[in-house]
Each structure stands twice: as C-alpha cells, then as structure tokens.
Amino acid sequence: MSSRYAIVALAVAVGAAPPEARASDDGLGEPPRTVVPEMTSGPVQVLPPVLPGQHLSGTAFLGYRGIDRQTTGATVTAAPGWKSFVRLGAELTPRSRDGDVRFLWGLGFEDWRDNSFFLHVHDWGPVRPDDSFTLKDAEASLGYKLPSLCGGPFCIAPSAFATLPFRGGPYLGARTTFLVARTWFATGGLGWTIPGALEGTATPPEWRVSFALGRWDWRPGGLFLTYRDEMQLDRLRTWDTTERKGNGVVAAGVNWSY
C-alpha cells in the first residue's frame, strides 16, 4: 500500500469519527479533566484510554520519525468489559531502512480514574510481517495512578509503575503529566533499572528518561498533535549530536470511538 492510499484512509477515518462520545456506563457525561494520554515508546505515540461506554476506540495518525521518516498508522482498541482491553495497531513507513510495514499489540486492564491500578502486556514493535510470533520483545507493566492535583484550568496527574521487559532488565519508574484546559499537556518520566536482574541478551540502561508534549483531545473526533522522545539519562549531554537526531517522533491524528 502506498503512502497516498494511507493518507486517503486517514481522511476517511477522520470523516467517520462521531462528534460526541457515548454516555458512560456509570452515568458520567465525560471523564474528569485528569484523563491523560498514554505515550508509548513504540511507533504509535498516543493511545486513547479505555473509557466507560466506549467498547471500540482507536487512533489514526500521520507522523515523522527521523530514523524512519514518514509514518502513517492506526490503532484499534476493543474493551469487552471489566476495564479490560485488547489493542492492535499497524504503521506504514515506506521510506524506512528497516521495512515499510510494522505492527504492534497489547492487552491488559485499566481504569481512567485516580487511585487505580493498571496492568499492560504489550509489544510496541516494530513487529514485522514476516516475523514469527514471539513474546521475547514484549513487556509487562504494572502501575498505579496517584491522586491528581487540580486548580483552575491546571492539573497534575502522577503515576508510578514497574515494568518487566521479557528480554532485558526490569525497571521502576514514575511519570507526571501537567495538563492545561484538559487538552494541552507536558509529560516527563524517569525509570531506574534494577541492577543485575534479568539483563538478558543486552545490558539495559541504568536510568532512562522520556518526555512528551502537545495537544490531545480524548473525545471521539478529537485531534492531537504530539512530540515524544526518550533516551538514557547519561545521553542528555549529547542532545545536539547526530546520535540524538532522528529519535523523536512527531504525530498528528484523530481519536475515534463507538
């Protein structure tokens, strides 16, 4: 499939997105203003939360990743109930040296409310079409959403987590999202690898940092524009070198839900 057809598909997805979210199962008109985007380290930069009353949701997006250049993709998330979900996604990177098609998958459970646990098992890829299915590159992440702090249009939504890559060292981490008027956000995260534990075939970094910023509207038909990057903590000083260029991802797209 050429990138031209992918752009047409994205336009169709934008046009098909309903203007209003379905009413939630527990009578809430909409989630609180502290619902934050899930920013991944994989090809898809924004994953919509599993919200009550939304049994099928997803994103469609266009983006640019320096090492892969142009990217076009989409995700679909099915939420059968009990806050569980199954997620599939695909991405076209026609100018990438590492292949022009890739996939991702994930499953788990999550509650959008504060003071709640979440558990994700996922492989953000790249999963290639000719690769046999394996869990070696997947990871499991268990976390807790801490109470949010809000005042006026501003909110701070922190969370803590423990992640176990199926190949590589487990690490503990925390992230905080600063929101303005529900849709504008900046997120920072820090992870620490447990020394000497399950290092696998490659030695994981001791410290890793990530950040993201942009505009994100969780509502069906809502648009987003985001930038995300991550690196080892000791590489912060090399931000301007060739090594750092091309690792961040900018993406623009739309959320949809039924």
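Residues are numbered from 1 along each chain as its sequence is written, and side-chain values use heavy atoms, with hydrogens and water left out. The protein chain has an average pLDDT of 77, and 74% of the residues score at least 70, pLDDT being the predictor's confidence in each residue, from 0 to 100. Over residues 1–28 the pLDDT is below 50, although this stretch has 39 contacts in the model beyond near neighbours in sequence, a contact meaning heavy atoms within 4.5 Å. Where pLDDT is low, the predicted coordinates should not be read in detail.

Side chains of opposite charge can pair when their charged atoms come close. Five salt bridges are found in a search of the whole structure, each defined as a side-chain nitrogen of Lys or Arg within 4 Å of a carboxyl oxygen of Asp or Glu. In one of them Glu91 meets Arg102, with the closest N and O atoms 3.5 Å apart. This pair links distant parts of the chain, since Glu91 belongs to strand 5 (residues 84–92) and Arg102, eleven residues away, to strand 6 (residues 101–110); strands here are DSSP runs of E of at least two residues, and helices runs of H or I of at least four, numbered from the N terminus. Glu91 and Arg102 are both buried, where buried means under 20% relative accessible area, exposed over 50% and partly exposed in between (1.4 Å probe, protein chains only).

Another salt bridge joins Glu110 to Lys145, the closest N and O atoms being 2.8 Å apart. Glu110 lies in strand 6 and Lys145 in strand 8 (residues 139–145), so the pair ties together parts that are 35 residues apart in sequence, and both residues are buried. Within it, Asp111 is buried at a relative accessible area of 10%, whereas Arg113 is partly exposed at 31%. Arg113 also lies over the face of Trp112, at 4.7 Å from the ring centre, a charge being over a ring if NZ of Lys or CZ of Arg is within 6 Å of the ring centre and within 35 degrees of the ring normal.

The whole structure contains six aromatic pairs, that is, rings of Phe, Tyr and Trp (its six-membered ring) with centres within 6.5 Å, counted as stacked when the planes are under 30 degrees apart, edge-to-face when over 60 and tilted for the rest. Trp192 and Trp207 form a tilted pair, 6.4 Å centre to centre with 45° between the planes. Trp192 in strand 12 (residues 184–193) and Trp207 in strand 13 (residues 207–216) are 15 residues apart. The rings of Phe211 and Tyr227 have centres 6.0 Å apart and planes at 40°, so this pair is tilted.

Finally, Thr177 lies in strand 11 (residues 171–180) and, at 3% relative accessibility, counts as buried. Its side chain is joined to that of Thr187 by a polar contact of 2.9 Å, a term for a pair of N or O atoms within 3.5 Å in which, within protein, one must be able to donate a hydrogen and the other to accept it, and residues adjacent in sequence count only if both atoms are side-chain atoms.

Methods. Predicted model: local features only at pLDDT ≥ 70, side-chain atom pairs only at ≥ 80, totals over all residues.
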